[in-house]
Amino acid sequence: RGTVKAFSPFDARADAEALRKAMKGMGTDEDTILKILTSRNNSQRQEIASAFKTLFGRDLVDDLKSELTGKFETLMVSLMRPAYIFDAHALKHAIKGAGTNEKVLTEILASRTPAEVQNIKQVYLREYEANLEDKITGETSGHFQRLLVVLLQANRDPDGRVDEGLVEQDAQVLFRAGELKWGTDEEKFITILGTRSVSHLRRVFDKYMTISGFQIEETIDRETSGDLEKLLLAVVKCIRSVPAYFAETLYYSMKGAGTDDETLIRVMVSRSEIDLLDIRQELRKNFAKSLHQMIQKDTSGDYRKALLLLCGGDDE
């Protein structure tokens with residue numbers, strides 16, 4: 001359900017030559033660059049980079065960095081990163097230096113599948129010679145840290161037969177840990193939301209509504225706060241629907257004054273081959289907006305052109 005598919009007929013050498021020509025000498029032909037890089041899928045882009053090195057003895061990413069600037073450069077360089085390296089790199093930057101970008105940790109760890117999280121951890125170790133979990137625990141604390149660690153274990157139960165008895169039990173436990181308790185037993189929320197299977201949790205949310213009269217999101221909103229609240233809500237939203245979660249993320253990255261370009265780029269790049277078509281539909285359904293029109297209105301120049309090509313069409 002991605003907007004970017006393998007390009008055919010594909011010729012890595014021809015693309016490499018076209019890119020070299022676009023960047024050689026005075027001035028840069030941005031149009032050629034953005035058209036090629038947004039219409040090839042990630043594995044094809046890797047082949048182009050390797051052909052580029054073979055033909056010219058130059059690093060394509062270094063050349064892009066020296067020829068382009070600003071948000072357009074960030075977007076093109078992001079497209080050149082293999083998927084797991086892209087996520088690992090985003091996490092590394094989120095925990096590096098002063099202050100941690102909790103938003104990035106929340107978005108990536110709440111939305112990736114257990115298999116994807118395992119891959120990200122391996123890539124992180126290989127690329128940065130550091131353990132992702134150690135890095136994250138060094139920069140976070142409290143219940144927020146505990147839920148991140150649970151998600152990093154990537155041990156969520158696989159989807160299978162749903163045990164209605166356990167659904168009832170989990171819903172009761174959450175009800176007692178939140179609405180019925182003076183103060184909140186955050187640990188129960190962390191364990192259940194971090195380890196149960198997706199189909200099980202969807203049933204738990206329905207059952208919770210029946211028992212308590214509240215959506216689980218309302219309870220989380222009332223009973224928790226700060227980074228933990230945001231992470232719990234992100235987990236719940238991703239259990240309900242990953243595309244709907246990203247539609248909301250994109251919507252808020254462009255709504256109101258100013259644009260959160262970092263988030264916009266991260267989501268457009270990371271979902272372009274996975275579920276961007278579904279994300280577009282959810283955005284249309286839940287916010288009565290088209291992603292295409294929001295990008296059109298909120299961005300400009302080559303950056304806008306490239307994002308619109310990744311978006312892949314308008315949902316009138």
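Is Ala-154 buried or exposed? Ala-154 counts as buried because its relative accessibility is 11%, where buried means under 20% relative accessible area, exposed over 50% and partly exposed in between (1.4 Å probe, protein chains only). The model is predicted, so local features need pLDDT of at least 70 and side-chain atom pairs count only at pLDDT 80 or more, while totals for chains, interfaces and linings use all residues. Residues are numbered from 1 along each chain as its sequence is written, and side-chain values use heavy atoms, with hydrogens and water left out.

**Backbone features**

- Ala-154 has a positive phi of about 55° although it is not a glycine, and this residue lies in the loop between H10 and helix H11 (164-177). Helices (H or I, at least four residues) and strands (E, at least two) are DSSP runs, numbered from the N terminus.
- Ala-288 also is not a glycine, yet has a positive phi of about 50°. Ala-288 is found in the loop between H18 and helix H19 (291-298) and is exposed, with a relative accessible area of 60%.
- Ser-8 and Pro-9 are joined by a cis peptide bond, with omega about -5°. Pro-9 belongs to the segment before helix H1 (12-23).

**Salt bridges**

- Side chains of opposite charge can pair when their charged atoms come close. A salt bridge is here a side-chain nitrogen of Lys or Arg within 4 Å of a carboxyl oxygen of Asp or Glu, and the count by this rule comes to 24 salt bridges.
- One of them pairs the side chains of Arg-45 and Glu-273 (4.0 Å, N to O). This pair links distant parts of the chain, 228 residues apart: Arg-45 is in helix H3 (residues 42-56), and Glu-273 is in the loop between helix H17 (261-271) and helix H18 (276-287). Arg-45 is buried at 1% relative accessible area, whereas Glu-273 is partly exposed at 35%.
- Asp-59 forms a salt bridge with Lys-53, their closest N and O atoms being 3.4 Å apart. Asp-59 is partly exposed, with a relative accessible area of 26%, and Lys-53 is partly exposed at 46%.
- In the salt bridge of Arg-203 with Asp-206, the closest N and O atoms are 3.7 Å apart. Both residues lie in helix H13 (residues 198-212), three residues apart, about one turn of the helix. Arg-203 is partly exposed at 31% relative accessible area, and Asp-206 is partly exposed at 43%.

**Helix packing**

- The axes of helix H7 (residues 102-111) and H17 come within 12 Å and cross at roughly 20°. Axes are lines fitted to C-alpha atoms, for helices over the stretch in contact, and angles run from 0 to 180 degrees between N-to-C directions. H7 is therefore roughly parallel to H17, a term for angles under 35 degrees.
- Lys-103, Val-104 and Glu-107 in H7 meet Glu-262, Thr-263, Arg-266 and Val-267 in H17, contact meaning heavy atoms within 4.5 Å.
- Helix H10 (residues 142-153) packs with helix H12 (residues 186-195) at an angle of about 20°, their axes being 9 Å apart. H10 is thus roughly parallel to H12.
- From H10, His-143, Arg-146, Leu-147, Val-150 and Leu-151 meet Glu-186, Glu-187, Ile-190, Gly-194 and Thr-195 in H12.

Conventions
Parallel < 35°, antiparallel > 145°, perpendicular 65-115°, else oblique.
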